[in-house]
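Dear colleague,

Please find below the structure that I am handing over to you. A summary of the findings follows it.

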Amino acid sequence: MINSTRAGLSLSAAGAVADTLVTELTRPTPPSVARFAAAIVGAARPLGVLFYGSAARLLDNTPPEQDSGATAGSSSGADDADLSDSVLDFYVIVERQRDWPRGRVARIANALLPPNVEYHERSIDGRVMRAKVAILSLAQFRRLTRPDAFDTTVWARFSQPARLVWVRDTTAADAILRCVVRAVATAALWAAKLGPERGDAEQYWLGLFERTYAAELRVESSRRPASLLGGAEARYRRLLPLCWLAGNLPASADGAMLDPGLPTTMRVPASRRWRVRAGMGRPLNVARLIKASFTFAGGARYLVWKISRHTGVALTLTPFAERHPLLAAPGIVSRLMRAGVFRRKA
């Protein structure tokens, strides 16, 4: 009877996690974002496009009352102008590598060291919108959201809120949902294994994100992990104990204080396994940066936009520079030097 009751609670918790994530994935999105995603997809037929990252968090933190009256796929809550100076983050999930238009070398690189990243610009509703677009196959998405994945980047990203802004059909939507559920469950499990023996949900999540950021080659400030929780604290508080219950952890709660119920005999080997992942994280990201120098489609345009935005120096990208960004780099640096960008300010 006890086992039957626990199994029932575990299934109920798993359903609650899935329901929460379905609601997140299908939240209304500003029409410009949906049209931008559709324009990037074009004639290709991926399984779906996920919108995540800082721009998505900006929308998620919009007060709920502003979203009233919005229809599915559009939102009256977040002003599109809020995103006009942002680079959006999309993940395109494909069934096969050849389902996304790019050269053979890029497809092979994506298969060997995912994901490939592209930069896209489109004029949407009279405004230029920009996005970094990462490409994963469904098989890669499944593998990289599992607890035993050595690469932590994908499950760490999709343990955070995301929206499914383009999807091929309901079968594709279900497959993507299962990967997102797995990502959140994996994050919650690692939070339990690496976190305190007892603490509140914020302590577990913050400790986890500090570790995942440390495992990557990231340039954000030390305050960035805390910003991931900002405005979404209730979401993380709800999901953590539900994921533990769904994963059959002997967790308990005393008010806001949680205890995953993991003995030291589980925590010590988990810490060793995490050190392996942390040690692999930066080399993996260095390898991706090297790969990106050959496969980052649109990367030259992205670099020029970033430089212009941060320095105020308008740069014009020639067709040669766009095709051969490494060869054109010395000329760009020379122009920036003449403009005084590198002079030390008093």
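The axes of helix α7 (residues 170-194) and helix α8 (residues 201-214) cross at roughly 100° and come within 9 Å of each other; axes are lines fitted to C-alpha atoms, for helices over the stretch in contact, and angles run from 0 to 180 degrees between N-to-C directions. Helices (H or I, at least four residues) and strands (E, at least two) are DSSP runs, numbered from the N terminus. The two helices α7 and α8 are therefore roughly perpendicular, a term for angles of 65 to 115 degrees. On the α7 side the contact (heavy atoms within 4.5 Å) involves V184, A187, A188, W190, A191, A192 and L194, and on the α8 side Y204, W205, L208 and R211. By class, this contact of α7 with α8 has 10 nonpolar, no polar and one charged residues; Ala, Val, Leu, Ile, Met, Phe, Trp, Tyr, Cys and Pro count as nonpolar, Asp, Glu, Lys and Arg as charged, and the others, Gly among them, as polar.

This is a predicted model, in which local features need pLDDT of at least 70 and side-chain atom pairs count only at pLDDT 80 or more, while totals for chains, interfaces and linings use all residues. Residues are numbered from 1 along each chain as its sequence is written, and side-chain values use heavy atoms, with hydrogens and water left out.

Helix α7 also meets helix α10 (residues 233-246), with axes that come within 9 Å and cross at roughly 85°. That makes α7 roughly perpendicular to α10. Here V184, A185, A188, A191 and A192 of α7 meet R235, L239, L240, C243 and W244 of α10.

Turning to the strands, β2 (residues 87-94) contains D89. Eight of the eight residues of β2 are buried, that is, under 20% relative accessible area (1.4 Å probe, protein chains only). D89 counts as buried because its relative accessibility is 13%. Strand β1 (residues 48-52) runs antiparallel to β2 and is joined to β2 by five bridges; two strands pair if DSSP finds at least two bridges between them. V49 stands opposite V92 in β2. With strand β4 (residues 127-137), β2 pairs in the parallel sense over eight bridges, and Y91 has A134 as its bridge partner in β4.

Finally, on confidence: the chain averages a pLDDT (the predictor's confidence in each residue, from 0 to 100) of 83, and 75% of the residues score at least 70. Over residues 64-73, pLDDT stays under 50.

How values were computed. Parallel < 35°, antiparallel > 145°, perpendicular 65-115°, else oblique. Buried < 20%, exposed > 50% of the residue type's maximum accessible area, 1.4 Å probe, protein only.
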